[in-house]
Amino acid sequence: MPEKYWLSPLSAKNVNPNTPIGTKEVTGFAKGRVLDYGCGFGRLAPEFDDYVGVDLTEHRLAECRRQHPDKTFMLTTDLQSDAVFDTVILDNVLIHVPDDEIEDLLGDVTGFGERVIIAEHLGRHFRGRPLQWHRDLSEYEDIFECLGFTLMVTATVDNPNYRSAGKMSVMLWMPA
Ligand SMILES: C[S@@+](CC[C@H](N)C(=O)[O-])C[C@H]1O[C@@H](n2cnc3c(N)ncnc32)[C@H](O)[C@@H]1O
């Protein structure tokens, strides 16, 4: 059960507090009021003036608030369903969302903002480890098409630290 894992303090080892990889591309695609969905330790918080970070775990949020007292952090469950943002960022989050939950989650996040940025390593060939659901681009295209969104632009970022030297994709999805 992935949510149970992320609620455990042990999951902190899978949340890098300060990698710079893809940050420039993510910030370049973002505009206005930002929702950082699955914010981890709030790594992206300093990049934005108008920023809200949400995650599943109070223990990580407490650390976010300690490090970034000028920013807002809350549990995903405390996010109002009618909250409005310009940009929603999912940075290395969706690879941890199982196939039977991904459509509902993307349905929710596209309701929060019209610029949806996904940063992760694309490709099912990355699957095989517990609690990881890497996807092919075509899977995201199918889901977003149903939601009326289309891929506007992708930046590809070298990530020599990832498995056998992967390329991370930073994608901007917007209403078609
Ligand atoms: C690998 S970390 C990435 C953290 C952050 N986005 C970053 O780039 O530094 C994955 C984060 O996604 C969160 N997460 C996993 N599943 C989630 C879900 N269904 N909803 C919200 N957050 C989720 C985890 O709690 C964890 O903090």
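**Contacts and the core**

Mentor: Let us begin with one residue and its surroundings. Apart from neighbours within four places in sequence, Ile-89 is in contact with Val-26, Ala-30, Val-34, Asp-36, Tyr-37, Leu-44 and Ile-117. Two residues are in contact if their C-beta atoms, placed from the backbone, lie within 7 Å. Please keep in mind that this is a predicted model: local features need pLDDT of at least 70, side-chain atom pairs count only at pLDDT 80 or more, and totals for chains, interfaces and linings use all residues. Numbering starts from 1 along each chain as its sequence is written.

Trainee: Which residues touch the most other members of the largest nonpolar core?

Mentor: In soluble globular proteins, nonpolar side chains tend to be buried together. Here the largest nonpolar core has 39 residues, and Val-88, Ile-89, Leu-90 and Ile-117 touch the most other members. Strand E7 supplies the largest share of this core, five residues. Such a core is a set of buried Ala, Val, Leu, Ile, Met, Phe, Trp, Tyr and Cys residues joined through C-beta atoms within 7 Å. A residue is buried if 20 or more other C-beta atoms lie within 10 Å of its own, exposed if 12 or fewer, and partly exposed in between, with C-beta atoms placed from the backbone.

Trainee: How many helices and strands does the chain have?

Mentor: Helices (H or I, at least four residues) and strands (E, at least two) are DSSP runs, numbered from the N terminus. The chain has five helices and seven strands, in the order α-α-β-β-α-β-β-α-β-α-β-β from the N terminus.

Trainee: Which strands are joined to E7 by bridges?

Mentor: Two strands pair if DSSP finds at least two bridges between them. Strand E5 (residues 115-120) runs antiparallel to E7 (residues 166-175), with five bridges between them; Glu-120, for example, has Ser-169 in E7 as its bridge partner. Strand E6 (residues 149-159) is also antiparallel to E7, and 10 bridges join the two. There, Thr-150 is partnered by Met-174 of E7.

Trainee: What is the phi of Asn-92, and where does this residue lie?

Mentor: Most residues other than glycine have a negative phi, and most peptide bonds are trans. Asn-92 has a positive phi, near 55 degrees, and sits in the loop between strand E4 (87-91) and helix H4 (99-112). Asn-92 counts as buried because it has 21 C-beta neighbours inside 10 Å. Leu-131 also has a positive phi, near 60 degrees; its place is the loop between E5 and helix H5 (137-146). Since Leu-131 has 14 C-beta neighbours inside 10 Å, it counts as partly exposed.

Trainee: Which residues come nearest to the ligand?

Mentor: A residue is near a molecule if its C-beta atom, placed from the backbone, lies within 6 Å of it. Of the 20 residues around the ligand, Trp-6, Gly-38, Gly-40, Arg-43 and Asp-91 come nearest.

Trainee: Which residues is Thr-23 in contact with, beyond its sequence neighbours?

Mentor: Leaving aside neighbours within four places in sequence, Thr-23 is in contact with Leu-44 and Glu-47. Thr-23 belongs to helix H2 (residues 23-29). The C-alpha atoms of Thr-23 and Glu-47 are separated by 8.6 Å, although the two are 24 residues apart along the chain.
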